[in-house]
Amino acid sequence: MFDIPVLLALIVLVALVFDFTNGAHDCANAIATVVSTKVVTPRFAVGAAAVLNLGGALLGTEVAKTLGSGIVLPQVVDGSHVLVLAALVGAIAWNCITWYFGIPSSSSHALIGGLIGAAVADAGFGALNGKGIWDKVLVPLVASPLAGYMVGFCCMWSIYWICGRIHRRKVNASFRRLQLVSAAFMAISHGLNDAQKTMGIVTLALMIFGKIDTVEVPLWVKFSCAGAMAMGTAVGGWKIVKTMGHRIFKLEPVHGFAAESSAAIVITGASLMGAPVSTTHTISACIFGVGSTKRLSAVRWSVAANLVTAWVLTLPAAGVIGFISYWLLHFIWN
(Lines give C-alpha, C1' and ligand atoms only; values in the text may rest on other atoms or scores of the structure.)
Protein backbone atom coordinates (compact mmCIF):
# COMPACT_ATOMS: atom_id res chain seq x y z
CA MET A 1 0.00 0.00 0.00
CA PHE A 2 2.86 2.37 0.95
CA ASP A 3 6.52 2.06 0.05
CA ILE A 4 9.03 1.51 2.84
CA PRO A 5 10.27 5.12 3.27
CA VAL A 6 6.70 6.37 3.79
CA LEU A 7 5.99 3.59 6.27
CA LEU A 8 9.19 4.33 8.17
CA ALA A 9 8.26 8.02 8.30
CA LEU A 10 4.84 7.05 9.64
CA ILE A 11 6.46 4.88 12.34
CA VAL A 12 8.70 7.76 13.43
CA LEU A 13 5.71 10.11 13.52
CA VAL A 14 3.65 7.69 15.60
CA ALA A 15 6.64 7.16 17.92
CA LEU A 16 6.82 10.90 18.51
CA VAL A 17 3.07 10.95 19.21
CA PHE A 18 3.67 8.24 21.80
CA ASP A 19 6.46 10.31 23.33
CA PHE A 20 4.09 13.28 23.45
CA THR A 21 1.42 11.24 25.24
CA ASN A 22 4.10 9.82 27.52
CA GLY A 23 5.16 13.33 28.53
CA ALA A 24 1.56 14.38 29.11
CA HIS A 25 0.70 11.16 30.93
CA ASP A 26 3.80 11.08 33.13
CA CYS A 27 4.40 14.78 33.79
CA ALA A 28 2.69 14.12 37.14
CA ASN A 29 5.72 12.06 38.16
CA ALA A 30 7.90 15.16 38.22
CA ILE A 31 5.49 17.87 39.33
CA ALA A 32 2.63 16.33 41.34
CA THR A 33 4.27 16.71 44.72
CA VAL A 34 5.65 20.21 44.14
CA VAL A 35 2.21 21.37 42.93
CA SER A 36 0.21 19.66 45.66
CA THR A 37 2.39 21.21 48.38
CA LYS A 38 1.83 24.63 46.72
CA VAL A 39 5.54 25.38 46.45
CA VAL A 40 5.06 26.66 42.88
CA THR A 41 2.13 27.29 40.59
CA PRO A 42 1.05 24.55 38.17
CA ARG A 43 1.98 26.74 35.18
CA PHE A 44 5.55 27.26 36.39
CA ALA A 45 5.95 23.61 37.40
CA VAL A 46 4.83 22.30 34.01
CA GLY A 47 7.09 24.70 32.11
CA ALA A 48 10.13 23.86 34.23
CA ALA A 49 9.44 20.13 34.00
CA ALA A 50 9.25 20.35 30.20
CA VAL A 51 12.67 22.02 29.96
CA LEU A 52 14.29 19.65 32.46
CA ASN A 53 12.76 16.59 30.77
CA LEU A 54 14.35 17.79 27.55
CA GLY A 55 17.74 18.09 29.19
CA GLY A 56 17.53 14.73 30.92
CA ALA A 57 16.59 12.97 27.70
CA LEU A 58 19.91 13.98 26.13
CA LEU A 59 22.13 12.67 28.94
CA GLY A 60 22.38 8.98 28.01
CA THR A 61 21.41 6.08 25.72
CA GLU A 62 21.62 2.94 27.89
CA VAL A 63 17.84 2.57 28.19
CA ALA A 64 17.45 3.21 24.45
CA LYS A 65 19.84 0.34 23.70
CA THR A 66 17.77 -1.96 25.91
CA LEU A 67 14.59 -1.11 23.98
CA GLY A 68 16.45 -1.45 20.68
CA SER A 69 17.87 -4.93 21.17
CA GLY A 70 17.36 -6.13 24.75
CA ILE A 71 13.68 -7.14 24.46
CA VAL A 72 13.19 -8.26 20.87
CA LEU A 73 15.96 -9.91 18.81
CA PRO A 74 16.50 -7.57 15.82
CA GLN A 75 17.91 -10.34 13.61
CA VAL A 76 14.76 -12.42 14.10
CA VAL A 77 12.28 -9.66 13.24
CA ASP A 78 14.43 -8.11 10.50
CA GLY A 79 12.22 -7.03 7.61
CA SER A 80 9.01 -6.92 9.67
CA HIS A 81 8.15 -3.37 8.76
CA VAL A 82 4.86 -3.12 10.66
CA LEU A 83 6.14 -4.57 13.94
CA VAL A 84 7.22 -1.31 15.54
CA LEU A 85 4.08 0.49 14.38
CA ALA A 86 1.92 -2.23 15.95
CA ALA A 87 3.88 -1.96 19.20
CA LEU A 88 3.31 1.79 19.29
CA VAL A 89 -0.41 1.40 18.58
CA GLY A 90 -0.70 -0.99 21.53
CA ALA A 91 1.15 1.39 23.84
CA ILE A 92 -0.73 4.52 22.75
CA ALA A 93 -4.11 2.79 23.04
CA TRP A 94 -3.42 1.71 26.61
CA ASN A 95 -1.97 5.13 27.47
CA CYS A 96 -5.12 6.84 26.22
CA ILE A 97 -7.38 4.50 28.22
CA THR A 98 -5.51 5.09 31.48
CA TRP A 99 -5.08 8.81 30.76
CA TYR A 100 -8.84 9.20 30.25
CA PHE A 101 -9.61 7.56 33.60
CA GLY A 102 -6.78 9.38 35.41
CA ILE A 103 -4.96 6.15 36.26
CA PRO A 104 -1.19 6.57 36.76
CA SER A 105 -0.19 3.39 34.95
CA SER A 106 3.17 2.84 33.28
CA SER A 107 3.76 4.22 29.79
CA SER A 108 7.06 2.33 29.83
CA HIS A 109 5.47 -1.04 30.36
CA ALA A 110 2.74 -0.18 27.86
CA LEU A 111 5.44 0.30 25.23
CA ILE A 112 7.27 -2.85 26.25
CA GLY A 113 4.03 -4.85 26.31
CA GLY A 114 3.06 -3.59 22.86
CA LEU A 115 6.52 -4.50 21.52
CA ILE A 116 6.37 -8.00 23.00
CA GLY A 117 2.85 -8.62 21.66
CA ALA A 118 3.76 -7.45 18.15
CA ALA A 119 6.98 -9.51 18.12
CA VAL A 120 5.13 -12.66 19.17
CA ALA A 121 2.57 -12.07 16.43
CA ASP A 122 5.37 -11.70 13.89
CA ALA A 123 7.73 -14.56 14.76
CA GLY A 124 6.43 -16.35 17.84
CA PHE A 125 8.10 -16.41 21.23
CA GLY A 126 11.45 -17.08 19.58
CA ALA A 127 11.58 -13.39 18.67
CA LEU A 128 11.90 -12.43 22.33
CA ASN A 129 15.15 -11.91 24.22
CA GLY A 130 14.19 -13.88 27.33
CA LYS A 131 17.23 -12.90 29.38
CA GLY A 132 16.83 -9.23 28.48
CA ILE A 133 13.14 -9.26 29.40
CA TRP A 134 13.88 -10.95 32.72
CA ASP A 135 16.87 -8.77 33.66
CA LYS A 136 15.71 -5.41 32.28
CA VAL A 137 11.90 -5.60 32.55
CA LEU A 138 10.50 -8.16 34.99
CA VAL A 139 13.08 -7.79 37.77
CA PRO A 140 12.95 -3.96 37.69
CA LEU A 141 9.13 -4.18 37.47
CA VAL A 142 9.16 -5.60 41.01
CA ALA A 143 12.39 -4.11 42.31
CA SER A 144 11.84 -0.44 41.42
CA PRO A 145 8.63 0.04 43.46
CA LEU A 146 10.12 -1.88 46.39
CA ALA A 147 13.29 0.19 46.20
CA GLY A 148 11.21 3.35 45.92
CA TYR A 149 9.18 2.46 49.01
CA MET A 150 12.27 1.63 51.08
CA VAL A 151 14.33 4.62 49.94
CA GLY A 152 11.36 6.94 50.52
CA PHE A 153 10.77 5.46 53.98
CA CYS A 154 14.46 5.73 54.95
CA CYS A 155 14.84 9.22 53.53
CA MET A 156 11.85 10.50 55.51
CA TRP A 157 13.04 8.84 58.72
CA SER A 158 16.46 10.43 58.23
CA ILE A 159 14.83 13.85 57.91
CA TYR A 160 12.79 13.20 61.06
CA TRP A 161 15.98 12.23 62.90
CA ILE A 162 17.91 15.30 61.73
CA CYS A 163 15.09 17.82 62.10
CA GLY A 164 13.21 16.27 65.01
CA ARG A 165 13.97 19.11 67.43
CA ILE A 166 13.20 21.91 64.96
CA HIS A 167 9.77 23.47 64.84
CA ARG A 168 7.59 21.99 62.13
CA ARG A 169 6.89 25.40 60.57
CA LYS A 170 10.61 26.13 60.15
CA VAL A 171 11.21 22.66 58.69
CA ASN A 172 8.51 23.09 56.07
CA ALA A 173 9.71 26.61 55.24
CA SER A 174 13.19 25.26 54.53
CA PHE A 175 11.95 22.31 52.53
CA ARG A 176 9.72 24.52 50.38
CA ARG A 177 12.94 25.84 48.86
CA LEU A 178 14.70 22.48 48.84
CA GLN A 179 11.74 20.92 47.06
CA LEU A 180 12.55 23.02 44.00
CA VAL A 181 15.87 21.14 43.82
CA SER A 182 14.29 17.72 44.34
CA ALA A 183 11.58 18.41 41.74
CA ALA A 184 14.24 19.45 39.22
CA PHE A 185 16.23 16.28 39.96
CA MET A 186 13.07 14.23 39.47
CA ALA A 187 12.25 15.90 36.14
CA ILE A 188 15.77 15.30 34.80
CA SER A 189 15.72 11.63 35.87
CA HIS A 190 12.29 11.24 34.24
CA GLY A 191 13.63 12.49 30.92
CA LEU A 192 16.76 10.37 31.29
CA ASN A 193 14.71 7.18 31.53
CA ASP A 194 11.41 7.75 29.74
CA ALA A 195 12.44 9.64 26.58
CA GLN A 196 15.12 7.04 25.88
CA LYS A 197 12.47 4.35 25.49
CA THR A 198 11.08 5.95 22.35
CA MET A 199 14.61 6.59 21.12
CA GLY A 200 15.18 2.85 21.39
CA ILE A 201 11.99 1.94 19.54
CA VAL A 202 12.81 4.35 16.68
CA THR A 203 16.35 2.95 16.52
CA LEU A 204 14.90 -0.57 16.26
CA ALA A 205 12.70 0.59 13.37
CA LEU A 206 15.73 2.06 11.60
CA MET A 207 17.53 -1.28 11.98
CA ILE A 208 14.56 -3.24 10.66
CA PHE A 209 14.43 -0.97 7.62
CA GLY A 210 18.18 -1.33 7.08
CA LYS A 211 18.95 2.35 7.68
CA ILE A 212 21.51 1.67 10.43
CA ASP A 213 23.66 -1.36 11.25
CA THR A 214 24.09 -1.11 15.02
CA VAL A 215 21.99 -0.06 18.01
CA GLU A 216 23.42 3.46 18.19
CA VAL A 217 20.89 6.25 18.58
CA PRO A 218 21.28 8.93 15.85
CA LEU A 219 21.48 12.52 17.07
CA TRP A 220 18.29 13.54 15.25
CA VAL A 221 16.41 10.76 17.04
CA LYS A 222 17.61 12.04 20.41
CA PHE A 223 16.45 15.59 19.77
CA SER A 224 13.15 14.56 18.18
CA CYS A 225 12.13 12.26 21.02
CA ALA A 226 13.31 14.65 23.72
CA GLY A 227 11.41 17.52 22.12
CA ALA A 228 8.19 15.50 21.75
CA MET A 229 8.30 14.50 25.42
CA ALA A 230 8.95 18.08 26.48
CA MET A 231 5.92 19.30 24.52
CA GLY A 232 3.77 16.57 26.06
CA THR A 233 4.93 17.56 29.52
CA ALA A 234 3.98 21.15 28.77
CA VAL A 235 0.41 19.98 28.07
CA GLY A 236 0.28 17.93 31.27
CA GLY A 237 -2.04 15.33 32.69
CA TRP A 238 -3.88 17.06 35.47
CA LYS A 239 -6.14 14.15 36.44
CA ILE A 240 -3.03 12.15 37.26
CA VAL A 241 -1.47 15.08 39.10
CA LYS A 242 -4.52 15.03 41.35
CA THR A 243 -4.18 11.29 42.00
CA MET A 244 -0.45 11.42 42.67
CA GLY A 245 -0.43 14.62 44.70
CA HIS A 246 -3.60 14.40 46.76
CA ARG A 247 -5.28 11.01 46.89
CA ILE A 248 -2.37 8.88 48.17
CA PHE A 249 -1.22 10.94 51.15
CA LYS A 250 -1.60 14.55 52.32
CA LEU A 251 1.79 15.96 51.36
CA GLU A 252 3.73 18.78 52.98
CA PRO A 253 6.94 20.25 51.48
CA VAL A 254 9.17 17.99 53.57
CA HIS A 255 7.28 14.93 52.30
CA GLY A 256 7.45 16.16 48.72
CA PHE A 257 11.22 16.62 48.98
CA ALA A 258 11.71 13.13 50.39
CA ALA A 259 9.49 11.48 47.76
CA GLU A 260 11.00 13.32 44.78
CA SER A 261 14.59 12.83 45.92
CA SER A 262 14.05 9.14 46.59
CA ALA A 263 12.36 8.54 43.24
CA ALA A 264 15.04 10.45 41.33
CA ILE A 265 17.80 8.39 42.99
CA VAL A 266 16.12 5.09 42.08
CA ILE A 267 15.28 6.16 38.50
CA THR A 268 18.75 7.57 37.81
CA GLY A 269 20.36 4.37 39.10
CA ALA A 270 18.11 2.27 36.87
CA SER A 271 18.87 4.49 33.87
CA LEU A 272 22.61 4.04 34.32
CA MET A 273 22.07 0.26 34.28
CA GLY A 274 19.91 0.46 31.14
CA ALA A 275 16.72 -0.65 32.90
CA PRO A 276 13.53 0.97 31.50
CA VAL A 277 11.72 1.27 34.82
CA SER A 278 8.36 2.90 35.36
CA THR A 279 8.74 6.39 36.75
CA THR A 280 5.07 6.17 37.76
CA HIS A 281 5.63 3.00 39.80
CA THR A 282 8.67 4.51 41.45
CA ILE A 283 7.32 7.90 42.52
CA SER A 284 4.07 6.30 43.69
CA ALA A 285 5.98 3.82 45.85
CA CYS A 286 8.14 6.63 47.24
CA ILE A 287 5.03 8.60 48.25
CA PHE A 288 3.67 5.50 50.00
CA GLY A 289 7.02 4.99 51.75
CA VAL A 290 7.17 8.61 52.91
CA GLY A 291 3.56 8.51 54.10
CA SER A 292 4.12 5.29 56.04
CA THR A 293 6.66 6.97 58.31
CA LYS A 294 3.88 9.06 59.80
CA ARG A 295 1.55 6.14 60.35
CA LEU A 296 0.24 3.38 58.11
CA SER A 297 -3.31 4.71 58.34
CA ALA A 298 -2.17 8.05 56.90
CA VAL A 299 -1.79 6.40 53.50
CA ARG A 300 -4.89 5.61 51.44
CA TRP A 301 -4.13 1.96 50.70
CA SER A 302 -7.30 1.60 48.63
CA VAL A 303 -5.62 3.88 46.08
CA ALA A 304 -2.58 1.60 46.19
CA ALA A 305 -4.78 -1.38 45.35
CA ASN A 306 -6.17 0.43 42.30
CA LEU A 307 -2.68 1.41 41.17
CA VAL A 308 -1.36 -2.14 41.54
CA THR A 309 -4.27 -3.47 39.49
CA ALA A 310 -3.43 -1.04 36.68
CA TRP A 311 0.26 -1.93 36.87
CA VAL A 312 -0.45 -5.67 36.66
CA LEU A 313 -2.77 -5.21 33.68
CA THR A 314 -0.49 -2.91 31.67
CA LEU A 315 1.97 -5.41 30.17
CA PRO A 316 -0.59 -8.02 29.08
CA ALA A 317 -3.21 -5.46 27.99
CA ALA A 318 -0.78 -3.52 25.80
CA GLY A 319 0.63 -6.84 24.58
CA VAL A 320 -2.78 -8.05 23.42
CA ILE A 321 -3.47 -4.76 21.64
CA GLY A 322 -0.02 -4.90 20.03
CA PHE A 323 -0.63 -8.49 18.90
CA ILE A 324 -3.99 -7.62 17.32
CA SER A 325 -2.60 -4.42 15.81
CA TYR A 326 0.20 -6.35 14.14
CA TRP A 327 -2.21 -8.61 12.26
CA LEU A 328 -4.47 -5.72 11.26
CA LEU A 329 -1.54 -3.71 9.96
CA HIS A 330 0.00 -6.76 8.31
CA PHE A 331 -3.28 -7.31 6.45
CA ILE A 332 -3.45 -3.65 5.36
CA TRP A 333 0.14 -3.47 4.11
CA ASN A 334 0.05 -6.81 2.36
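Visitor: How many helices and how many strands make up the secondary structure of the protein?
Guide: This is a predicted model, in which local features need pLDDT of at least 70 and side-chain atom pairs count only at pLDDT 80 or more, while totals for chains, interfaces and linings use all residues. Residues are numbered from 1 along each chain as its sequence is written, and side-chain values use heavy atoms, with hydrogens and water left out. Helices (H or I, at least four residues) and strands (E, at least two) are DSSP runs numbered from the N terminus. On that basis the secondary structure comes to 13 helices and 0 strands.

Visitor: What percentage of the residues of the protein count as buried?
Guide: Relative accessible area, found with a 1.4 Å probe and protein chains only, sorts residues into buried (under 20%), exposed (over 50%) and partly exposed (in between). Of the 334 residues of the protein, the share that counts as buried is 59%.

Visitor: Among contacts between residues at least 6 apart in sequence, what percentage join residues at least 24 apart?
Guide: A contact requires heavy atoms within 4.5 Å. Among contacts in the protein between residues at least 6 apart in sequence, the share joining residues at least 24 apart is 88%.

Visitor: How many salt bridges does the count come to?
Guide: Side chains of opposite charge can pair when their charged atoms come close. The rule applied here asks for a side-chain nitrogen of Lys or Arg within 4 Å of a carboxyl oxygen of Asp or Glu. By this rule the count of salt bridges is 3.

Visitor: How many residues apart in sequence are the parts that Lys65 and Glu216 tie together?
Guide: The side chains of Lys65 and Glu216 meet in a salt bridge, at 3.9 Å from N to O. Lys65 is partly exposed at 27% relative accessible area, and Glu216 is partly exposed at 46%. Lys65 lies in helix H3 (residues 62-70) and Glu216 in the loop between helix H8 (168-208) and helix H9 (219-235), so the separation in sequence of the parts they tie together is 151 residues.

Visitor: Is the salt-bridged residue Lys197 buried or exposed?
Guide: Lys197 meets Asp194 in a salt bridge, at 2.6 Å from N to O. The two stand 3 residues apart in helix H8, about one helical turn. Asp194, at 0% relative accessibility, is buried. With a relative accessible area of 1%, Lys197 is likewise buried.

Visitor: Which helix holds both Lys131 and Asp135?
Guide: The closest N and O atoms of the salt bridge between Lys131 and Asp135 are 2.7 Å apart. Lys131 is exposed at 63% relative accessible area, whereas Asp135 is partly exposed at 33%. The two residues are 4 apart, about one turn, and both lie in helix H7.

Visitor: Which cysteine has the sulfur nearest to that of Cys154?
Guide: A disulfide is a pair of cysteine sulfur atoms within 2.5 Å, and a search of the whole structure finds 0 of them. Cys154 is in no disulfide, and the nearest cysteine sulfur, 8.8 Å away, is that of Cys155.
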